[in-house]
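Please keep the sequence and the 3D view at hand while reading.

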Amino acid sequence: MNFDDSTYFKAYDHNYRVAYEEGLAFLGEGGSQGVLRRLEGMLRKITRSPPETRILDVGCGDGTVGLFLDGLGYRYLGTDISEAAIERARRRCAEAGAGPKFEVANALDPDTLPAHGFDIVLDCYCFNMLVVDAHRKDYLGNVRGAMRDGGYYILFGSHDPNACQGPVDSFAEFCRKTGANTSGVPLQKRQGDRWEAVNGKSVFLMGRSQSLKGYREELTAAGFRILYRTTYRRDRRDAGFLMRKDVEAPDGYR
């Protein structure tokens with residue numbers, strides 16, 4: 001696959017499709033219990049009861065988080081740029097008799113995102129998919145636009161003290177600066193007690209980590225007040241942020 005500024009983040013739809021063709025679950029369908037526990041811990045810090053709380057999950061994937069939050073009683077809507085992932089999420093929820101809703105949407109296009117008014121916007125490693133500075137700024141502006149005034153933003157992402165800080169004006173520039181692998185890695189399938197590559201099928205795992213300082217600068221510049229920040233599993237350098245939307249939008253943001 002060839003990637004440019006308008007296609008690199010759509011590689012995840014390809015990843016879901018080739019995995020589903022092999023009968024596999026992409027990105028851990030069924031859920032990482034660690035991520036779900038982290039999310040539940042963040043939600044406990046917000047004093048709103050589930051039936052009264054509308055959650056928008058941007059980059060929802062296969063529906064795992066939707067099933068989890070529906071079980072807790074939240075009013076949930078998941079969006080993803082991948083049609084394959086949304087189809088899978090809808091099917092899983094129908095089979096479970098659960099009520100989460102899912103829509104195909106491009107988080108960089110505010111016209112495809114649901115109308116504003118969500119109490120919480122959730123991002124489980126979706127922001128990480130965006131590597132171009134302008135895309136990241138547009139994304140955060142669109143997240144603001146989907147939230148009610150004073151709403152909350154929960155973000156999980158990978159952090160790296162040596163991450164590329166920018167400026168990054170194009171996907172090609174990101175690749176030059178970071179050496180990002182755009183040739184893909186073989187899709188792996190478990191055969192007995194070992195993992196083997198699936199012949200002729202590759203997945204693309206491109207993304208941009210950020211330093212903790214870099215996250216703070218990006219998020220506060222976009223008009224989010226960081227209420228709580230934590231890190232998880234030092235070997236993977238994962239971070240979680242709980243934020244609140246400031247009422248006044250900074251210049252250049254919605």
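## Overall picture

Of the 254 residues of the protein, 49% count as buried, and it should be kept in mind from the start that the model is a predicted one. The chain is built from seven helices and nine strands. With a radius of gyration of 18 Å, close to the 18 Å that the globule rule gives for 254 residues, the protein is as compact as a globular protein of that length.

Taken along the principal axes, the box that the C-alpha atoms fill is roughly 50 × 45 × 35 Å. The protein exposes about 12200 Å², and carbon and sulfur atoms supply 46% of this area. Among the contacts with a separation of 6 or more, 71% are accounted for by residues 24 or more positions apart.

## Helix 5

Helix 5 covers residues 133–146, and its 14 residues reach 20 Å from the first C-alpha to the last, which is close to the 20 Å expected at 1.5 Å a residue. This helix is mostly covered, since 10 of its 14 residues are buried. The buried residues include His 135, Arg 136, Tyr 139 and Leu 140, and the run from Gly 141 through Asn 142, Val 143, Arg 144 and Gly 145 to Ala 146 belongs to them as well.

The buried residues of helix 5 pack against several strands, namely strand 1 (54–58), strand 4 (118–124), strand 5 (147–158), strand 8 (224–232) and strand 9 (238–245), and also against helix 7 (212–221).

## Helix 2

Helix 2 (residues 33–44) has 12 residues and spans 17 Å from its first C-alpha to its last, close to the 16 Å expected at 1.5 Å a residue. Its buried residues are Gly 34, Val 35, Leu 36, Arg 38, Leu 39, Met 42 and Leu 43. These buried residues pack against strand 1, strand 4, strand 5, strand 8 and strand 9, as well as against helix 3 (64–72).

Arg 38, one of the buried residues of helix 2, places its charged end over the ring of Tyr 232, at 4.2 Å from the ring centre. Another charge over a ring is found at Lys 45, which lies over the face of Tyr 228, 4.1 Å from the ring centre.

## Aromatic pairs

A search of the whole structure finds 10 aromatic pairs. In one of them, Tyr 8 and Phe 171 are stacked, with 4.9 Å from centre to centre and 5° between the planes. This pair links distant parts of the chain, as Tyr 8 lies in the segment before helix 1 (11–21) and Phe 171 in helix 6 (residues 171–178), 163 residues apart. Tyr 8 counts as buried because its relative accessibility is 1%, below the 20% cut-off, and Phe 171 is likewise buried, with a relative accessible area of 3%.

The rings of Phe 127 and Tyr 139 have centres 5.5 Å apart and planes at 20°, so this pair is stacked. Phe 127 lies in the loop between strand 4 and helix 5, whereas Tyr 139 lies in helix 5, so the pair ties together parts that are 12 residues apart in sequence. Both Phe 127 and Tyr 139 are buried.

Tyr 8 and Phe 171 also belong to one aromatic cluster, which they form together with Phe 3, Phe 9 and Phe 204.

Conventions
Residues numbered from 1 in each chain as written. Predicted model: local features only at pLDDT ≥ 70, side-chain atom pairs only at ≥ 80, totals over all residues. Heavy atoms only, no water. Helix = DSSP H or I, 4+ residues; strand = E, 2+ residues; numbered from the N terminus. Expected span 1.5 Å × (residues − 1). Buried < 20%, exposed > 50% of the residue type's maximum accessible area, 1.4 Å probe, protein only. Contact = heavy atoms within 4.5 Å. Phe/Tyr/Trp six-rings, centres within 6.5 Å; stacked < 30°, edge-to-face > 60°. Lys NZ or Arg CZ within 6 Å of the ring centre and 35° of its normal. Rg over C-alpha atoms; globule rule 2.2 N^0.38 Å. Areas by Shrake-Rupley, 256 points an atom, 1.4 Å probe, with all protein chains shown as cover.
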